[in-house]
Amino acid sequence: MTGRWSSRVQNMIDCTVRTGARSLYRKRKGFMMRLSELTEGINVKIEGNQDIQINDITNDSRQVTTGSLYFAIPGAKVDGAKFIAGAINDGVSVVVTEHGREDLKKEFGLTDEELDRITLVITDNARYVMGVMSSRFYGEPSKKLTVIGITGTKGKTTTSYMIRDMLMKAGHKTGLVGTIEVIDGKNVIPAENTTPESIKLHKIFKDMLENGLDSVVMEVSSQGLKLNRVAGVDFDYGLFTNLSPDHIGPDEHDSYEEYRDCKKMLFSMAKKGIFNIDDPESDYMMKDSTCEVLTFGEKDDAIYKASSIENYSEKGTLGIRYKLSGKLSADILVDLPGEFSVHNSLAAIAVADRMGVPIDKIAEILKSIKVRGRVEMIPISDEFTLMIDYAHNDMSLKSLLIAIREYNPKRIVTLFGCGGNRSKERRYGMGEVSGEYSDFTIITSDNPRYEDPQAIIDDIKVGIGKTNGEYVEIIDRKEAIRYAIMNAEAGDIIILAGKGHEDYQEICGVKHHMDERDLIREILEEEDVTKICGYNNRHFA
């Protein structure tokens with residue numbers, strides 16, 4: 001064959017080879033599976049071809065491709081079934097939904113002709129099914145990783161970084177999924193949710209495996225458990241830090257009891273459970289759990305026990321030391337303040353020990369542990385302490401201030417604001433707590449969103465007005481920080497609360513870059529640093 005005809009045939013052959021190579025690649029990577037394999041053993045009703053091949057999965061109708069599967073998830077505001085018609089037009093092959101055929105026709109206007117073009121998978125719980133099917137589609141990656149899940153009200157983020165640092169320094173290639181970021185072995189991605197949707201989570205696990213990781217530490221939120229975001233995850237360890245009322249409201253949990261029961265779900269999923277037995281809810285968390293039980297705390301029967309606890313303060317840095325006994329014996333020094341640092345470090349010690357990290361390595365790592373935005377010391381002075389913390393509600397701020405008071409500072413100076421378009425009760429509460437437990441408060445702006453920053457400050461002043469606490473208000477956060485630094489006195493502990501790890505300020509729907517570390521650096525460059533009490537250049541040198 002010659003000429004145009006032979007070129008056309010060759011192009012067809014090349015196209016076929018490329019298509020076949022792509023198909024082979026998908027099969028090798030676990031990207032193409034029969035629907036019957038994805039749904040085996042799951043309680044679903046299938047209307048259509050059970051052996052249809054699936055080449056992609058998504059819960060976003062805008063990402064549907066020809067031959068893909070669409071999870072039409074019912075959301076808090078919009079039901080994904082609303083977008084099924086568009087997905088069909090874009091070539092979707094399979095739709096997972098909580099609606100039967102007649103409901104889809106009646107409620108969402110779909111026609112028999114449209115529905116005949118797809119296979120329907122009908123279930124009572126589309127989120128759970130999405131988790132299990134996503135895990136299978138990506139080759140059940142969590143079964144090939146050591147997965148450590150951490151749940152509780154406080155301490156999840158700090159504990160997750162402690163564990164990851166210990167495992168990394170002991171030779172484990174460990175990923176992270178949490179409030180601040182996702183670390184998959186190649187990329188560091190800012191987090192959208194503490195616990196991602198299951199379809200995204202299992203893809204993250206797959207990427208971690210491909211990037212050579214062998215383990216992952218992840219924060220498991222109550223919402224993540226309630227909404228089945230961890231469905232299909234094979235947890236080797238589940239860790240309980242503590243429990244107190246939080247995330248209770250119309251868009252989260254109906255009651256404290258529901259919040260508690262959602263947290264408890266992790267311990268019916270994990271092989272081993274590690275519990276803080278000093279927390280009053282630990283017995284409830286352990287009751288009827290299906291995991292092997294391990295414990296930590298200050299009580300005598302803790303498997304990992306802390307005793308002889310002491311605070312220490314040195315050149316603007318706060319920390320804590322204690323004696324470790326029980327299964328392991330050592331003198332432990334943690335370069336983070338507060339009794340909560342004892343419990344966070346004990347939890348990390350328990351996991352690291354079970355994964356073979358020697359105690360001398362564990363103790364060495366804890367001496368230099370740092371967690372971005374969690375009682376993060378910014379050592380610009382030898383005479384006063386400056387720290388950044390994420391405390392953004394009255395409960396977390398009170399816990400922090402009580403812990404800091406134990407270091408006998410000359411003054412506790414607390415700088416904070418509150419988020420716009422959020423409950424006024426939080427503003428009143430934070431104002432009252434700061435007025436009660438701080439010596440001086442600097443009220444400033446946080447993320448005003450669509451509200452007037454001054455109106456938010458006025459609400460905070462309602463709370464602080466219930467106390468005898470002294471305060472000043474400075475709307476501009478950089479100027480507020482400048483005021484705190486330039487007016488610091490020897491022995492002060494200054495807390496920049498509320499922003500923590502965040503590197504932005506949200507105003508009128510736009511996130512503007514604002515990192516408190518950068519603001520501090522700019523202030524030091526702009527000011528005569530000799531006027532700063534006990535200034536040193538260790539941090540920004």
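Reply: Tyr-259 is buried, with a relative accessible area of 0%. Here buried means under 20% relative accessible area, exposed means over 50%, and partly exposed is in between (1.4 Å probe, protein chains only). This is a predicted model, in which local features need pLDDT of at least 70 and side-chain atom pairs count only at pLDDT 80 or more, while totals for chains, interfaces and linings use all residues. Residues are numbered from 1 along each chain as its sequence is written, and side-chain values use heavy atoms, with hydrogens and water left out.

Now the ring. Rings of Phe, Tyr and Trp (its six-membered ring) pair if their centres lie within 6.5 Å; planes under 30 degrees apart are stacked, over 60 edge-to-face, and the rest tilted. That rule gives three aromatic pairs. Among them is Tyr-256 with Tyr-259: this pair is tilted, at 6.4 Å centre to centre and 50° between the planes. The two tyrosines sit in helix 10 (residues 256-264), three residues apart, about one turn of the helix. Helices (H or I, at least four residues) and strands (E, at least two) are DSSP runs, numbered from the N terminus. Tyr-256 has 19% relative accessibility, so it counts as buried.

Another pair is Phe-267 with Phe-275. Their ring centres are 4.7 Å apart and their planes stand at 45°, so this pair is tilted. Phe-267 and Phe-275 are both buried.

Next, the loop. Met-269 lies between helix 10 and strand 14. Is Met-269 buried or partly exposed? It is partly exposed, because its relative accessibility is 29%. Which residues does Met-269 touch, leaving aside those up to four places away in sequence? They are Leu-225, Val-230, Val-233 and Phe-235; a contact means heavy atoms within 4.5 Å. Gly-224 is 45 residues from Met-269 in sequence, and 13 Å away in space, C-alpha to C-alpha.

Eleven strands form an open sheet, ordered 11-10-9-12-8-13-14-15-16-17-18, with mixed pairing. Two strands pair if DSSP finds at least two bridges between them. Strand 11 (188-190) and strand 18 (330-334) are the edge strands, each pairing on one side only. On average, neighbouring strands here are turned by 20° against each other, direction ignored. Axes are lines fitted to C-alpha atoms, for helices over the stretch in contact, and angles run from 0 to 180 degrees between N-to-C directions.

Strand 14 (residues 270-276) pairs in the parallel sense with strand 15 (residues 292-297), over five bridges. Asn-276 is opposite Phe-296 of strand 15. Helix 8 (residues 198-210) packs on this sheet. It touches strand 9 (174-177), strand 10 (181-183) and strand 12 (215-219), and its direction makes about 160° with that of strand 9.

Ser-198 belongs to helix 8. Its relative accessible area is 0%, so Ser-198 is buried. Beyond residues up to four places away in sequence, Ser-198 touches Arg-127, Met-130, Gly-131, Ser-134, Asn-228, Arg-229 and Ala-231.

Then the cores. A nonpolar core is a set of buried Ala, Val, Leu, Ile, Met, Phe, Trp, Tyr and Cys residues joined through side-chain atoms within 4.5 Å. The largest one has 64 residues; Ile-163, Tyr-322, Ile-332, Val-334, Ile-349 and Ile-495 touch the most other members. Helix 12 (residues 339-354) gives the largest share of this core, eight residues. A second, separate core has 29 residues, including Val-147, Ile-204, Leu-243 and Met-286. In soluble globular proteins, nonpolar side chains tend to be buried together.

Finally, how far can you trust the picture? Confidence is given by pLDDT, the predictor's score for each residue, from 0 to 100. The chain's mean pLDDT is 91, and 92% of its residues reach 70 or more. Over residues 1-30, though, pLDDT is below 50, and this stretch has nine contacts in the model beyond near neighbours in sequence. Where pLDDT is low, the predicted coordinates should not be read in detail.
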